[in-house]
Amino acid sequence: MLATALHPSAGTAETGVAESVEASIAQLDMQISAAEQAAIVSAITSAREISRIAHQHNSPAHGNLYRRDAHAKATGCVRAEFEVNGDIPAQFQQSVFASPGHTYQAWVRFSNGDMLVQPDGKGDARGMAVKVMGAEGPAIAPELGSGDETGEANQDFIMTNMPAFFNRNIFDYAENMQHLARLDRKGWFFSLWPPRLHLKETIRAYQTVSSKIDTPLAEQYFSMLPYQLGDTTVKFSSRPCPGAHYRPTVDTTADDFLTRQMADTLQSGSACFEFMVQPRPDNASADEMPLDDATVIWEEEKAPFIPIARLHIPPQTFTGEAQQQFCENLSMNPWRGVGAWKPLGSLNRARRLVYHAVSEFRHARNRAPQVEPANWCVPGDNTPCTPQQGLNIRKPVWPLPRCFDGLFQPLDGTAASSQCTRGYGAELAEGEPAY
Ligand code: HEM
């Protein structure tokens, strides 16, 4: 826990935030310029204002709850297994990827990007935040707390379904947030007076807010920002496993159809993502693959993505009230990680403080405990906490039914009646072909 006044009791005015940011930076020994520090203060102040305004808009229709100031609406928090590939190249065997073949339990929070809770059919960025539990190694940001008392820590991977961000760096971001805190969504991108046009950023923002999807399970998600994994600079991404296909089955006019679609798929089926890294070639130029301009997409032809892990999402039920509450109270942070892992660039440096501050703010307002999960169990769920809690496992019922098709004739000439009412051995309706 940071010993600073990032806690909301320190007041929401920019001066209070400034003091607490300064104290945090000193305590964490972060090497940050004065200008960058001021931008972080501004970003936190705006984030709190956004959280307050969004609260007015979102409640009481969506519950009297302070939500995240970004990615406010979860479309579902699901249990997953994160398996490091057995053939992961040696250069990536670092941090949570240190042991080839190792499988971790994980949580995945799928979300819509806006600060307001909106119908799922509205265009928006879509988020995928993965929390891998029980990684071995020293936490890179111990102030964020670890999963349990065993010395193991969690590692978060935070992505959206866009390969690039709509702000280059923390300075753009802080200015943009000031407009957003006045509910002026377009002001920073273009205005007639003072004359302003951020063309590339406007295109990126337009692409972001116009994304409409059928299911969160079929999207590709991107880190957008770079990280250091061992000696390699990478971006990361997750995409549906080859051959994964999810049939649309629900009415897409419902406000929460993405949740319903995922629930329907995972009722008896499973889902799978490949987790990939995109190593930055040593000879890449600062223009083509910059480390502090998040509007630039690193070309895949020059820097291909390499699969290094898999995320399996087993059949499960995830829509219970206790689980939705748990999902709201989760905290993701790009700095939650272990070993040779480091978020890069000014936006990532800011995220270490901003995510933490905003998470503390909403937890305090909601009087909710800030706890890091260590397993798949959901507190307050009335089912026992077992390693399979929440999974839909089909068990055979004993005695197994005796199923015969119509051609089976016992040798003693007696009649055999099938006990199966569906599938193989079921009695055929008149005219139905027996094959
Ligand atoms: C450019 C890459 C970024 C990506 C991929 C990203 C993605 C996300 C996602 C997916 C979430 C939801 C996390 C969850 O499910 O709990 C989130 C939350 C959030 N993001 Fe970002 N974001 C990015 C940049 C930023 C930046 C630069 C800032 C501010 C400096 C920021 C501030 C926040 C905050 C405050 C939250 C809410 C955190 C909480 O209350 O727990 N994001 N972001």
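Let's start at Gln 316: it has 22 C-beta neighbours inside 10 Å, so this residue counts as buried. Keep in mind that everything here comes from a predicted model. Where does Gln 316 lie? Its place is the loop between β11 (306-313) and α6 (321-329).

Who does Gln 316 touch, leaving aside residues up to four places away in sequence? The list is Val 78, Arg 79, Leu 266, Gly 390, Leu 391 and Asn 392. Ile 53 is another story: 263 residues separate Ile 53 and Gln 316 along the chain, and their C-alpha atoms are 35 Å apart.

**Around the ligand**

The ligand has 30 residues around it, and those that come nearest are Arg 68, His 71, Arg 109, Gly 127 and Ala 129. Two or more residues of this shell come from each of α2 (34-58), β2 (103-112), β3 (126-135), β4 (153-160) and α7 (346-365). Which element gives the most? That's α7, with eight residues. If you sort the shell by class, you get 18 nonpolar, seven polar and five charged residues.

**How α2 packs with other helices**

Now take a look at α2, which packs against helix α1 (residues 14-28) with the two axes 9 Å apart and an angle of about 130°. The crossing of α1 past α2 is right-handed. On the α1 side you'll find Glu 14, Val 17, Ala 18, Val 21, Glu 22 and Ile 25, and they meet Gln 37, Ile 40, Val 41, Ile 44 and Thr 45 of α2. Seven of the residues in this contact are nonpolar, two are polar and two are charged.

What about α2 and helix α3 (residues 170-180)? Their axes come within 9 Å and cross at roughly 30°. Angles under 35 degrees count as roughly parallel, so that label goes to α2 and α3. This time α2 passes α3 in a left-handed crossing. From α2, the contact uses Glu 36, Ala 39, Ile 40, Ser 42, Ala 43, Ser 46, Ala 47 and Ile 50, while α3 brings Ile 170, Phe 171, Tyr 173, Ala 174, Met 177, Gln 178 and Leu 180. Sorted by class, that contact holds 11 nonpolar, three polar and one charged residues. Notice that Ile 40 of α2 turns up in the contact with α1 and also in the contact with α3.

Most residues other than glycine have a negative phi, and most peptide bonds are trans. Here are some spots that go the other way.

| Spot | Backbone value | Location |
|---|---|---|
| Ser 59 to Pro 60 | cis, omega near 5° | Pro 60: loop between α2 and β1 (73-84) |
| Trp 193 to Pro 194 | cis, omega about -5° | Pro 194: loop between β5 (190-191) and β6 (196-197) |
| Asp 29 | positive phi of about 55° | loop between α1 and α2 |

Are Asp 29 and Ser 95 buried or exposed? Asp 29 has 6 other C-beta atoms within 10 Å, so it is exposed. Ser 95 has 21 C-beta neighbours inside 10 Å and therefore counts as buried.

Definitions and conventions:
Residues are numbered from 1 along each chain as its sequence is written. This is a predicted model: local features need pLDDT of at least 70, side-chain atom pairs count only at pLDDT 80 or more; totals for chains, interfaces and linings use all residues. Helices (H or I, at least four residues) and strands (E, at least two) are DSSP runs, numbered from the N terminus. A residue is buried if 20 or more other C-beta atoms lie within 10 Å of its own, exposed if 12 or fewer, and partly exposed in between; C-beta atoms are placed from the backbone. Two residues are in contact if their C-beta atoms, placed from the backbone, lie within 7 Å. A residue is near a molecule or strand if its C-beta atom, placed from the backbone, lies within 6 Å of it. Ala, Val, Leu, Ile, Met, Phe, Trp, Tyr, Cys and Pro count as nonpolar, Asp, Glu, Lys and Arg as charged, and the others, Gly among them, as polar. Axes are lines fitted to C-alpha atoms, for helices over the stretch in contact, and angles run from 0 to 180 degrees between N-to-C directions. A crossing is left-handed if the near helix is turned anticlockwise from the far one by less than a right angle, and right-handed if clockwise. Angles under 35 degrees count as roughly parallel, over 145 as roughly antiparallel, 65 to 115 as roughly perpendicular and the rest as oblique.
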